[in-house]
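Please look at the model first.

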Amino acid sequence: MAKTKADAKLGQSHASPKKPKKTKKVKRSKQPKHRQTDKPMAKHAIDQTSKKQSKHLMQKKPTKHKTPKSSATVLSAQKLGLDKRTLPHSIVEVISTLNKAGFNAYIVGGGVRDSLLGLTPKDFDAVTNARPHEIKAVFGGRCRIIGKRFLLAHVYSGRELIEVATFRAPPKDDTHTTDDGMITRDNAWGTIEQDFARRDFSINALYYQPIKGEVLDFCGAVDDIKNGTLRLLGNAKVRIEEDPVRLLRALRFKAKLGFEFDKALAKQFNEDNWALLEQVSAHRLYDETQKMFTGGYLAPLLPLLYQYGAIEHLINHAGNEPTRLALAFAQNTDERIHDGKTANPAFFYAVLLWENYLHALAKFKKKGLPFHEAQIKASRKVFDAQRNKTAIPKFAEEFIEGIWLMQPRLTAPKGKEIDRLISSPKFRASIDFLVMREHYDDNPLSEPTDGMGAWWQRYLAVDATSQSQMLSALGGGVTRTRRRRGADKGIDKDAELLQLQQLSGRDDDKADDVPQPLLVVDNANTPKSTRPTPRARQVDVPTFERRAYSESDFAKLLDNDEPYIPSVRYRKRQPSSTLSIKEREQGVSEHDIPTPKKAKSPKPKTKHKDKPIDHKDKPKKRKKSNAKPRAKHDD
């Protein structure tokens with residue numbers, strides 16, 4: 001009878017414990033019992049056990065990535081409340097195109113989860129059994145392959161972008177795995193059962209087929225969504241070691257959905273696992289913070305980042321709890337997103353790094369540096385330290401630095417700089433930062449705003465006339481012009497400063513308080529009609545004799561038949577007459593003028609045709625060659 005696989009495995013399991021018994025029974029040399037000491041036997045036993053443990057560990061490494069065997073539960077999309085008509089045309093078009101090409105395709109991830117919860121999905125992702133090059137062949141020019149660690153295909157359907165991934169499988173070996181277990185490259189293709197096991201959370205492991213109206217559930221994901229439970233698939237510790245960013249994603253889902261962690265996941269928020277974030281690229285961590293800050297749930301997420309210890313690995317010198325300023329900004333950012341407005345993640349970085357900037361600025365001011373130079377050096381020091389955590393792009397650093405540097409200019413504006421400040425591209429963000437500081441900033445190192453946040457809001461809301469009045473009341477309406485050196489000699493500077501102070505603080509209703517001008521110009525207040533007119537400068541104008549032309553003069557001009565010949569064409573055409581005007585008036589004709597005799601030109605010598613040329617008499621001269629003469633050798 002043929003042995004089945006179960007019998008074979010059963011035979012192997014029975015045969016395995018007999019191996020150590022054989023090794024114990026084999027004794028080549030029979031020695032008396034009193035000669036057999038315990039030490040060599042103990043050492044031999046330790047060697048045997050260490051070898052067995054090492055073999056066991058070597059065999060156990062690849063088994064941690066084994067896919068759990070599970071069958072999918074096919075659920076009706078209609079009963080779950082999913083309707084194909086509510087989906088965007090782009091994702092339905094991508095799924096149907098892949099199906100027509102002979103591939104299986106599903107909607108997976110947050111799009112299915114949010115649809116079941118009644119939320120508006122931010123985007124929809126697709127997964128298929130087609131390889132990336134096959135996806136490229138199906139969609140052609142509107143498909144682009146991206147990624148290195150995780151290969152993906154971006155498919156454009158109209159103006160919308162759909163991210164299409166291929167079914168993943170567990171890694172075959174530890175080639176692309178670090179010593180701590182983090183997977184550096186995940187491009188092993190597999191089946192849908194293997195792909196489900198590679199998903200991070202159970203709530204993201206639902207596969208929705210809109211064409212058939214089916215939902216595949218491999219792990220009870222629908223029950224977790226109903227119960228509000230966040231659960232990692234597989235061994236939670238191993239899954240965190242594979243990708244430590246899943247800790248940040250868990251906090252993000254908790255803040256967004258209000259779910260609770262299961263026991264296995266709650267144990268993973270420890271310092272050892274947070275330290276694994278140092279192996280993650282700083283650029284990837286910045287991308288993850290962008291999702292946190294612009295998701296619309298920053299207000300509940302910010303306290304969680306401090307509570308679970310994540311903020312220490314994202315922001316340098318973050319502190320133990322969020323500041324009042326950061327909490328207010330988080331609430332304001334969520335309100336803007338819910339109202340359909342945009343939110344710049346670099347703006348919230350300016351809030352989180354504000355205290356670091358104030359500490360660095362205070363240190364450089366103590367060193368005696370000029371204020372503007374201290375500002376620039378302080379901002380650069382903060383950015384250099386933050387790059388070790390998250391890689392902020394250069395344009396974002398310039399945006400943050402512009403907000404910080406504009407704060408003292410907004411608290412003490414000058415009249416001639418108002419228009420320049422308003423035209424700055426960072427003006428609106430700087431005003432928002434100033435207004436929030438005025439209400440919520442309680443840092444002792446922060447400079448007072450003196451109510452300028454409310455002043456700027458009023459200034460931007462009124463018309464031009466009211467703006468000029470506000471500038472006059474502020475003291476910015478009077479601008480001093482530059483004078484040359486020595487031009488202000490003889491003027492009392494104290495009196496001039498007193499006049500400027502009176503002008504800046506005067507009230508238009510009190511006409512008696514108007515200060516007298518320091519410089520009095522003669523006839524400045526007299527009307528123009530009573531002023532003496534200045535003498536006009538006399539210029540000698542030359543006079544010309546007037547000449548009258550008669551009809552005979554015009555007749556002479558008409559009788560002149562000599563055409564006008566330009567100087568350029570004169571060389572190419574012969575003149576109509578060689579006589580001058582005086583000769584014509586005297587009646588001289590061209591025949592009376594003797595023609596000059598032409599000089600005889602020498603005739604060219606012609607060879608006689610009768611006499612034949614004898615080439616033998618005059619041999620042709622041989623041209624001299626450029627070759628060097630041969631050296632003469634003596635015989």
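Which residue just after α14 takes a positive phi? Gly-309 does, with a phi of about 80°. The model is predicted, so local features need pLDDT of at least 70 and side-chain atom pairs pLDDT 80 or more, while totals for chains, interfaces and linings use all residues. Residues are numbered from 1 along each chain as its sequence is written, and side-chain values use heavy atoms, without hydrogens and water.

Helices (H or I, at least four residues) and strands (E, at least two) are DSSP runs, numbered from the N terminus.

Eight strands form an open sheet with mixed pairing, in the order β1-β8-β7-β2-β3-β6-β5-β4. Pairing requires at least two DSSP bridges between two strands. At the edges, β1 (73–76) and β4 (143–146) each pair on one side only. Within the sheet, β2 (residues 105–108) and β3 (residues 125–128) run antiparallel and are joined by four bridges. Ile-107 stands opposite Ala-126 in β3.

Elsewhere, Tyr-549 lies in the loop between α24 (493–504) and α25 (551–559). Tyr-549 is exposed (over 50%), with a relative accessible area of 54%.

Definitions and conventions:
Buried means under 20% relative accessible area, exposed over 50%, partly exposed in between (1.4 Å probe, protein chains only).
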